[in-house]
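Dear colleague,

Please find below the structure that I am handing over to you. My notes on it follow directly after.

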Amino acid sequence: MNPIVRSGAAARAGALLIFLGPLVSWAAEFITAAAWQDPPYSPLYNWVSHLGLTGPPQTAFGQVANSPLGAVMDTGWVIYGTLLIVGAFLLFDPRKGARPIIIISLAVLAGTGVSLVGLFQGSNANVDNGLIAFHTFGAQGVMLAGNIMAIAVGTGGARIGLTQGRSLASITLGTAGLIAFPLFMTDVFSGWMWNIGLFERAVIYPIMIGHALLGSSVAAAQRHRAAHPLAPLTARAES
C-alpha cells in the first residue's frame, strides 16, 4: 500500500509540529486558567474562548469573564493553528492522491479556525463591531474540520504509518467530537447553557488528542523506517 506521507527530515519535522501544536495550546490554557481567580475559572462551566478575552472584566455571552492572561491563550491558539498548517504541508504528500489533499485541506481549515479564535476574541466589543463573525466562523470551522480530519486520518491510517489500534482511536475521537458538536450547539442556542465548557471541550479535545496521536505515531513510524529502511509500511501498520 503506497504511503501518503513524505519521508526524511520533512516528514519528521511535520510530525513534530503537529504533535507540538495541541501541547502548546494546553499549556497556554492551563496557565491562563490558573491566573483567572476572580471568580475562579471553571473548565466545566466557563467558555473556553473566554480565556482569550483581554482588557477589563466583562459579562459576555451570559458569563462573567476576567482573564488576566488572555493574551497568553490567544497566542497559544495562533501558534497551534500555525503549527498544524505548516506541519500538514510538511508531512503529507499531495502528489499521492485525493486523501492527502483532503487531509491537508482539513488541516488548513482547522488551523485557520483556531487561529481566528485567537485573533478575534469573543468579546462584547467584537459583537458590536461585527468582528465576532470571524470568531464564530473560526470556532465552528475548527470543530467540524478538526474532527473530520481525525476520521480521515484514521481511515487512511495504514498509508500514514499508524497502527491498527491508533487508526481506530483516531476514528473514534473524530466521531465522538462530531457527535458532541450538535449537543454543544443545542446547549448554546436553546439558551440552556448548562456546563457549556464541558460540551465545548467534548468537541475540541478529541481534535487535540487526535493531532497529538497523529504526530507521535508518524514520528515513531519515521524512526522505525530510518532504522529498518526495507520494512514495508503495511507491515509496520499491522504490527
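Helix H1 covers residues 9-35, and its 27 residues reach 38 Å from the first C-alpha to the last, close to the 39 Å expected at 1.5 Å a residue. The expected span of a helix is taken as 1.5 Å times one less than its number of residues. Helices (H or I, at least four residues) and strands (E, at least two) are DSSP runs, numbered from the N terminus. Please note that this is a predicted model, in which local features need pLDDT of at least 70 and side-chain atom pairs count only at pLDDT 80 or more, whereas totals for chains, interfaces and linings use all residues. Residues are numbered from 1 along each chain as its sequence is written, and side-chain values use heavy atoms, with hydrogens and water left out.

Among the buried residues of H1 are Ala11, Gly14, Ala15, Leu17, Ile18, Gly21, Pro22, Ser25, Ala28 and Glu29. Here buried means under 20% relative accessible area, exposed means over 50%, and partly exposed lies in between (1.4 Å probe, protein chains only). An α-helix has 3.6 residues a turn, so residues three or four places apart point the same way.

Val24 also belongs to helix H1, and counts as partly exposed at 28% relative accessibility. Leaving aside neighbours within four places in sequence, Val24 is in contact (heavy atoms within 4.5 Å) with Gly76, Ile79 and Leu83. The C-alpha atoms of Val24 and Ile79 are separated by 7.5 Å, although the two are 55 residues apart along the chain.

The buried residues of H7 include Ser167, Ser170, Leu173, Gly174, Gly177, Phe184 and Asp187. Gly191 follows H7 and has a positive phi, near 85 degrees.

Pro39 is found in the loop between H1 and strand S1 (58-60).

I turn now to the charged pairs. Side chains of opposite charge can pair when their charged atoms come close. How many salt bridges does the structure hold? There are three, a salt bridge being a side-chain nitrogen of Lys or Arg within 4 Å of a carboxyl oxygen of Asp or Glu. In one of them Arg201 pairs with Glu29, the closest N and O atoms being 2.9 Å apart. Arg201 lies in helix H8 (residues 196-227) and Glu29 in helix H1, so this pair ties together parts that are 172 residues apart in sequence. Both Arg201 and Glu29 are buried.

Asp93, Arg95 and Lys96 are linked in a network of salt bridges. Within it, Arg95 meets Asp93 at 2.8 Å, N to O, while for Lys96 and Asp93 the closest N and O atoms are 4.0 Å apart. Asp93 counts as buried at 3% relative accessibility, Arg95 is exposed at 68%, and Lys96 is partly exposed at 35%.

Which residues touch the most other members of the largest nonpolar core? Of its 50 residues, they are Phe92, Ile103, Met149, Ile160, Phe184 and Leu214. Such a core is a set of buried Ala, Val, Leu, Ile, Met, Phe, Trp, Tyr and Cys residues joined through side-chain atoms within 4.5 Å. H1, H2, helix H3 (98-119), helix H5 (132-155), H7 and H8 each supply at least two residues of this core, and the largest share, eight residues, comes from H8. Beyond its neighbours within four places in sequence, Phe92 is in contact with residues including Ile4, Val5, Pro100, Ile103, Ile160 and Leu214.

Leu69 is found in the loop between strand S2 (63-65) and helix H2 (70-91), and is partly exposed, with a relative accessible area of 32%.

With kind regards
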